[in-house]
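I am opening a notebook page for a structure that is new to me, and I will write down what I look up, one item after another.

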Amino acid sequence: MLLAVACSAIASGQPPLRDTSVKSPGTARIRGRVTDASGRPLGYAEIRAGNGGREAATGLTDREGRFDLADLPAGTYTVSAVKPTYLRAAWGEERSGGPGRRIPLADGQTVTNIDIRLSRGGVITGKVVDEFGDPIVDARVVPMRYAFVQGTRRLMPGGPGAATNDIGEYRIYGLAPGQYYVSATLRAFTAIGSTTMDHVTHAPMFYPGTGNAAEAQRVTIAPGQTIAAINLTLTPVPTSRISGTVFGTDGGPAGGGGVMLSPKSPSAGIDPRQASIGADGGFTISGVTPGDYMLRGTNPAKHESGLIEVIVAGGEVTGVQLVTAKPSTVRGRIAFAPSSTSIDSPKPTTIALGALREWMLGQPVRDAARIKDDGTFEISLASGHVQLRAGTPDNSGGESPPWRLSRVLYDGADLGDSGLDVAPNATIENVVVELTNATVELTGRVTDSDGRNVRDCFVIVFAQDADRWTVETRYLGVTQPRNDDRYRLQLLPGDYYAVAMTEVPAGAWTDRDFLLLAREHATRVSITGDGAQSLDLVASAAPVF
Amino acid sequence: MPVHRLVLTALLLALTRASTAQPQTQAAPPRTATLRGHVFAADNGQPLRNAQVHLMRIAEVRQESTAATDANGAYELTGLRAGRYTLSVSKGSFVIVAYGQQRPTDPPKPIEIAERQLVERIDVSLPRGGVITGRIVDDLGEPIPGVSVSAQRAISTQPRTLMHAGRIETTNDLGEFRLFGLDAGEYFVVATWPIRAAANPAASPRDRVAYAPTYFPGTTNIAEAQPVSIVAGETATDVSMSLTTIRAARVTGTVTGADGKPMTPAMISVSQNGGLETRATTQVRADGTFTIAGLPPGDYALRAQRSGDTDFAEQATTTISVNGDDVADVQLFAAKAAVISGRLIVDAVAGGRLPRTMLVSIFPMGITGVGPPSRPARIADDGTFELRSAPGRVRLFLGSVAGSADEWRIQAVRSNGADVTNTGIDLKAGDHLSDIELAVTNKVASVSGIVTDSRGDVPKDYTAVLFSQDREKWLIINPFQQIARPDQNGRFKISNLPPGDYYAVAVDRLEPGRSLSDFFERMRDKAAKVSLAEGEARTIALKLTSGS
């Protein structure tokens, strides 16, 4: 009924598709046209206009690819266009996915000829067969890319992927230009609560035919390119059933809790598996492919957990025994170094303080501290190696420097970089977490080799001492040049490398291997406590690895 | 198995799964039985390798085991519990069929497995499937990616009602689709634009464009749809359509908590009115506002609840109509949940102990599409239970964690002494009804037996049909009519029957798609009469008759 009404509105020739969606009270206007790479107009492309970082208006192109965003308030705009199978593009962008040029717009002004060219996304096609050469239906083929997550460079899905059809064919489309690793997996049909599983499954496979991500072959896609015949063979591998018992510190079975099995090293296509622990403490997980795993048992009723490594090499793994432990405790107080400004130190309870673990089980683990008004804190956490990290959110808008972690003092030593080893069932007392607002501003310009200002880049300043490249290190600053083409960073005193790079994947600076390569393009800079320092940088391309 | 029971069981299972996993306290039944068989191509009898075999436990509607056939088409499933099963097989372009089926429209045969039994020669022959390919373009002739395309069968003509037959496929960047594994027959090809409403408009590349559902050869009117004829193993090409572009809308509004303040932190979800599936979920902002983008014209239900409120203690719901324009200022006001508590009353004649993992759940009557309304509650050891629900008229249902309550059913629900089994319970916000009596029994009637043909032999295959002697009960969905196929020993069994007077008949073949009441009318004279008391188990012998 409603559909029919909507259809007739369009059929009767009214132009409802060209309306701007957000009713804005302004009087300015932006008009333009969207075409494909060959200049052919593209209808029904979505147009989005941003004003100062907020979406100000949206619209659709008509049959001739034209758009007309009216009633805009004065401001500085960016305009981008989106259409399925095409790559999103901003007007004036210098590279695919880069920032667009700004359009200053005064009241009553109409800006025309905002013409945007969209290139088609890349395509990968191929065929997946089994060990007999027969097509495999419903294999999941995913374009993977390296991304940086909490200090680990790992293969992550770089697009939605596709499933194979009855003749084994797949087609992945809409890919941004770049480098991909193609993985295929066959997910067994597992209905709700499947009780037994096939003893054979098909392990995840990377093109051209390896289960090891490190041996996978890179597929490089140029804008609009189609790469065919990325064919894969999925061969069966034996799977194992893992069973065992989980006990608590009281020696009794950890009934009512659960276990989670995760691959030890992050690898494509293997999801963590979960099972509940029976009243007798027993658990069973079936259908596990060979590999090194970590098994975590938790008993929420008793606030206990434990971790054990399990190596699966085909065949049953029985009698795994896991003992959970009570959480350990870290106690101490928050201290503030004398303020470098007239601003008072913040209330201790506003500090975000927590114990952070290195990337683990596919999830970052942070145990937050309970902080009292007098600055004393307590963290309840599982045993292991942790870093204490603290800070305040910088909501002053750059008016005053934020408070940040300067030292973690325990037993006369600064553990800010090395971290703290927490034994099972331990209580660690008298840890002093010191914050300071006495940071030094480093500022400067970034230019290309011809001396032109570069804004589409990251400035990364990191410690010369590689021991300080820890998770959420205090000695790292990352920023982009602002509207005045200058970058600004607040840093703790110390010896640093500084580098400006274009096309850096987000989070790359948390990866040691990236920092090792970035170091070769870097400028040394020593930050001392004597006021703002200036350093101009020449942009280089990010290392490819 | 009656349709309504399947649907409800699926709903209960979905809810059970949504709740936290609970430990299974009962001793697990021994896994000692083994099942073997072969998979062949129906047309030439060649063995099929790497065919996927799935064994489903009938009582629990869940998978017991899976396997793939070897190079000789043989499979083996080990470590099975005793019980009744169905076995289905899939392989590439072939039609997916179950043991006992020649075509997917035939009722499957159950497989009866005893402890430590080795059941062999459970063989399945797969018909070669038909294929439909085509291309979906918009009104500018441009390919549309991401359109859902399905082949559907007509299950009634006046008005025309369609049902999915097989998989739903999605068009690629060229607008192309390929539907495969289709049984021979006539299909209507339907292209629909899936709702992918986005919480964050900036993240959605399909915020503003949607398409009207369209039937081949290109009409939005179901009555004008033309069927495509499919022959086994052949491909119908160029089943292509052009879809009309319609505008998707954004919905913005506010959510107010029961305390009169903006409800935050909270989540708001949108579902198509009448459906249980959530189409998008977004965070309500700190000031109580929200935005949902990409909604094509249609009727939707919105539901908000506080983050972490797993008990559904406070919910805000509303329904909206979207017709292409943005909908602003939608206001949701939260109401406190109603609480129902009560106790289980076990039928005096019931045998056996109550399973310890029994659950009781609530469903709204006349689904308003506001998603799963509450979490099922576990029945305590003393038989008491407590449930929370959004306001409205609701009914109670019995479920279980591990299927262990399958033999149990509700006899009656009483509120304040009044029987509300069928009328439901009317709940107002903040109500606490504490006197609900839930009468349950595991005495369910059943009929089993054997069938002989005119020569006195036991036929290899037949379908037993049981239906009420009362014409008023000849409805499409009701527990008074059930069918059964023989297990591998030739016996049939129909269980879970309400007490009543029935006709029982065994036919050689049940033609799909025929009028039920016509069939019952013709069979009445040939049928045997069976009367069942509550919990009674009868064994009968039937003569085979012709179903056509």
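How many helices and strands are there in chain B? I looked this up in what is a predicted model, and I found two helices and 44 strands in chain B.

I then turned to the contacts in chain B with a separation of 6 or more, and 71% of them are accounted for by residues 24 or more positions apart.

Next I went to chain A and looked up strand β22, residues 258-263, which has a covered face made of A:V259, A:L261 and A:P263 and an uncovered one made of A:G258, A:M260 and A:S262. I followed the pairing of β22(A) with strand β23 (residues 273-276) of chain A, which is antiparallel and counts four bridges, and with strand β25 (residues 291-299) of chain A, which is also antiparallel and counts six bridges. For A:L261, on the covered face of β22(A), I wrote down A:R273 as the bridge partner in β23(A) and A:L295 as the bridge partner in β25(A).

My last entry concerns A:A426, which I located in the loop between β36 (420-422) and β37 (427-436) of chain A. Why is A:A426 called partly exposed? I counted 13 other C-beta atoms within 10 Å of A:A426, and because a residue is exposed at 12 or fewer and buried at 20 or more, that count falls in between. I also compared A:A426 with A:A106, and the two are 320 residues apart in sequence and 65 Å apart in space, C-alpha to C-alpha.

Methods
Residues numbered from 1 in each chain as written. Chains lettered and ligands numbered in written order. Predicted model: local features only at pLDDT ≥ 70, side-chain atom pairs only at ≥ 80, totals over all residues. Contact = placed C-beta atoms within 7 Å. Pairing = 2+ DSSP bridges.
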